[in-house]
Amino acid sequence: ISPFFIPMLIVDIAAGVALMSYIVLPLALIQVPIIIMRTVFEDKMLLKHFGEQFAQYKKKTGMLIPFIG
């Protein structure tokens with residue numbers, strides 16, 4: 001739900017590739033399931049707090065990538 005996650009992931013992966021690091025790149029890729037779990041948790045929390053208003057918003061937007069998913 002946050003536009004922060006995708007750019008953060010891209011920057012971390014790019015840093016791993018730029019540094020040719022066998023440590024940074026796997027750590028960046030480990031973030032993917034964590035980001036998905038956090039996004040699902042945030043969606044549940046927002047749905048509980050805002051109810052139908054958030055449900056309507058969620059239909060118009062994507063989970064991580066706008067207008068997709």
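How are α1 and α2 oriented to each other? They are roughly antiparallel, as point 3 sets out.

1. Basis of the model. This is a predicted model, in which local features need pLDDT of at least 70 and side-chain atom pairs count only at pLDDT 80 or more, while totals for chains, interfaces and linings use all residues. Residues are numbered from 1 along each chain as its sequence is written, and side-chain values use heavy atoms, with hydrogens and water left out.

2. Overall make-up. The protein chain has three helices and zero strands, and from the N terminus its elements run α-α-α. Helices (H or I, at least four residues) and strands (E, at least two) are DSSP runs, numbered from the N terminus. Of the 69 residues, 19% count as buried; buried means under 20% relative accessible area, exposed over 50%, and partly exposed in between, with a 1.4 Å probe and protein chains only. The accessible surface comes to about 5400 Å², and 77% of that belongs to carbon and sulfur atoms (Shrake-Rupley method, 1.4 Å probe; for residues, only the protein chains shown count as cover). Among contacts between residues at least 6 apart in sequence, 46% join residues at least 24 apart, where contact means heavy atoms within 4.5 Å.

3. Helix α1 against helix α2. The axes of α1 (residues 5-18) and α2 come within 8 Å and cross at roughly 170°. Axes are lines fitted to C-alpha atoms, for helices over the stretch in contact, with angles from 0 to 180 degrees between N-to-C directions. The pair is therefore roughly antiparallel (under 35 degrees is roughly parallel, over 145 roughly antiparallel, 65 to 115 roughly perpendicular, the rest oblique). On the α1 side the contact includes F5, M8 and L9, and on the α2 side it includes V24, L25 and T39. By class, this contact has twelve nonpolar, three polar and three charged residues. Ala, Val, Leu, Ile, Met, Phe, Trp, Tyr, Cys and Pro count as nonpolar, Asp, Glu, Lys and Arg as charged, and the others, Gly among them, as polar.

4. T39. This residue lies in helix α2. T39 is buried, with a relative accessible area of 0%. T39 and F5 are 34 residues apart in sequence, and their C-alpha atoms are 9.2 Å apart in space.

5. Helix α2 against helix α3. The axes of α2 (residues 24-50) and α3 (residues 52-60) come within 6 Å and cross at roughly 135°. That makes α2 oblique to α3. D43, L46, L47 and F50 of α2 meet E52, Q53, F54, A55 and K58 of α3. The classes here are five nonpolar, one polar and three charged residues.

6. D43. Helix α2 also holds D43, which is buried at a relative accessible area of 6%. The C-alpha atoms of D43 and A55 are separated by 9.3 Å, with the two residues twelve apart along the chain.

7. The aromatic pair. The count comes to one aromatic pair. F54 and Y57 form this pair, which is tilted, at 6.0 Å centre to centre and 35° between the planes. Rings of Phe, Tyr and Trp (its six-membered ring) pair if their centres lie within 6.5 Å; planes under 30 degrees apart count as stacked, over 60 as edge-to-face and the rest as tilted. Both residues lie in helix α3, three residues apart, about one turn of the helix. F54 counts as buried at 7% relative accessibility, whereas Y57 counts as partly exposed at 41%.
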